[in-house]
Amino acid sequence: MAHLRVLATVGLALLGFSGCSETVSTSGGSFQQQYFAARDALETGQYDKASRSYQKLLSSYPAGAIEARLTLELAHSLLRGGDFEAASRAARQLAAGQTGQVRGLALAVAASADHEIARRGIAAGNRGGDTRRRLKAAASALDVLLAEYPKLDVGEAMARRRALISTELAALG
């Protein structure tokens with residue numbers, strides 16, 4: 001349930017970025033057409049298609065103001081599609097080079113991805129270093145998010161995830 005709240009929080013925040021108006025054309029149609037095709041795929045649960053579409057957009061439009069938005073939405077599609085490693089990498093790389101709301105949203109995706117990786121490890125009986133490292137990475141990202149961007153924690157989903165991580169770390173000993 002907490003996972004769904006996180007996805008809803010990130011998804012709602014991403015909707016605020018959806019006002020694309022750039023219409024530079026590439027072989028796959030205008031930027032706007034390609035972007036909305038990627039968004040539609042993300043919103044209808046076609047996460048692999050969305051990820052491929054965002055990667056194509058990033059290769060066609062690698063710089064400028066739109067790059068951060070595309071990278072954030074790519075990380076979100078990877079998270080929702082269950083590719084937690086790739087989601088964590090993309091979101092952490094984005095967060096490292098951003099400030100403001102984009103950084104906060106990237107931290108939310110990175111924390112969620114790292115927590116899901118750790119939860120898989122716990123479910124598989126791995127109570128060792130990688131599981132602990134992922135839990136600590138998720139906790140750290142959430143600590144920054146909650147301290148610097150508290151308004152992004154709609155419904156306190158991130159605070160609840162942070163509390164769950166504390167419980168899981170304590171249970172690991």
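Modeller: The model is predicted. I begin with the helices that contribute to the lining of the largest pocket: α4, residues 65-80, and α5, residues 84-96, each supply at least two residues. The greatest contribution comes from α4, which gives four residues to this lining. The pocket itself has a volume of about 160 Å³. Its lining consists of Gly64, Glu67, Ala68, Thr71, Leu74, Ala90, Gln93, Leu94, Gly97 and Gln98. Sorted by class, the lining residues are four nonpolar, five polar and one charged.

Let us now examine α5. This helix has 13 residues, and at 1.5 Å a residue it should span 18 Å; its end C-alpha atoms are 18 Å apart, so expectation and model agree. Several of its residues are buried, namely Phe84, Ala86, Ala87, Ser88, Ala90, Ala91, Leu94 and Ala95. Two names in that list, Ala90 and Leu94, are buried and also belong to the lining of the largest pocket.

In general, side chains of opposite charge can pair when their charged atoms come close. The count for this model comes to eleven salt bridges. One of them joins Glu148 to Arg103, with the closest N and O atoms 2.7 Å apart. This pair links distant parts of the chain, since Glu148 lies in helix α7 (residues 129-148) and Arg103 in helix α6 (residues 100-123), 45 residues apart. Glu148 has a relative accessibility of 46% and therefore counts as partly exposed.

Another salt bridge is formed by Asp114 and Arg134, whose closest N and O atoms are 2.5 Å apart. Here too distant parts of the chain are linked: Asp114 is in helix α6 and Arg134 in helix α7, 20 residues apart. Asp114 and Arg134 are both buried.

A further pair consists of Arg162 and Asp143, with 2.7 Å between the closest N and O atoms. Arg162 belongs to helix α8 (residues 157-172) and Asp143 to helix α7; they are 19 residues apart, and the pair again links distant parts of the chain. Asp143, at 38% relative accessibility, counts as partly exposed. Some salt bridges share partners, and in this way Glu85, Arg92, Asp114 and Arg134 are joined into one network.

Finally, the aromatic rings deserve attention. Two aromatic pairs are found in a search of the whole structure. In one of them, Phe31 and Tyr35 are stacked, with 6.1 Å from centre to centre and 10° between the planes. Because Phe31 and Tyr35 are four residues apart in helix α2 (residues 31-43), about one helical turn separates them. Phe31 and Tyr35 are both buried. The rings of Tyr35 and Phe36 have centres 5.5 Å apart and planes at 65°, so this pair is edge-to-face. Tyr35 has a relative accessible area of 0% and is therefore buried, whereas Phe36, with 33%, is partly exposed. Together, Phe31, Tyr35 and Phe36 form one aromatic cluster.

Methods
Residues are numbered from 1 along each chain as its sequence is written. This is a predicted model: local features need pLDDT of at least 70, side-chain atom pairs count only at pLDDT 80 or more; totals for chains, interfaces and linings use all residues. Side-chain values use heavy atoms; hydrogens and water are left out. On a 1 Å grid over the protein atoms alone, a cavity is a set of points where a 1.4 Å probe fits but cannot get out, and a pocket is an open set with protein on both sides within 12 Å along at least five of seven lines; lining residues have an atom within 4 Å of a point. Grid points are joined across faces, edges and corners, and a volume is the space filled by probe spheres set on the points. Ala, Val, Leu, Ile, Met, Phe, Trp, Tyr, Cys and Pro count as nonpolar, Asp, Glu, Lys and Arg as charged, and the others, Gly among them, as polar. Rings of Phe, Tyr and Trp (its six-membered ring) pair if their centres lie within 6.5 Å; planes under 30 degrees apart count as stacked, over 60 as edge-to-face and the rest as tilted. Buried means under 20% relative accessible area, exposed over 50%, partly exposed in between (1.4 Å probe, protein chains only). The expected span of a helix is 1.5 Å times one less than its number of residues. A salt bridge is a side-chain nitrogen of Lys or Arg within 4 Å of a carboxyl oxygen of Asp or Glu.
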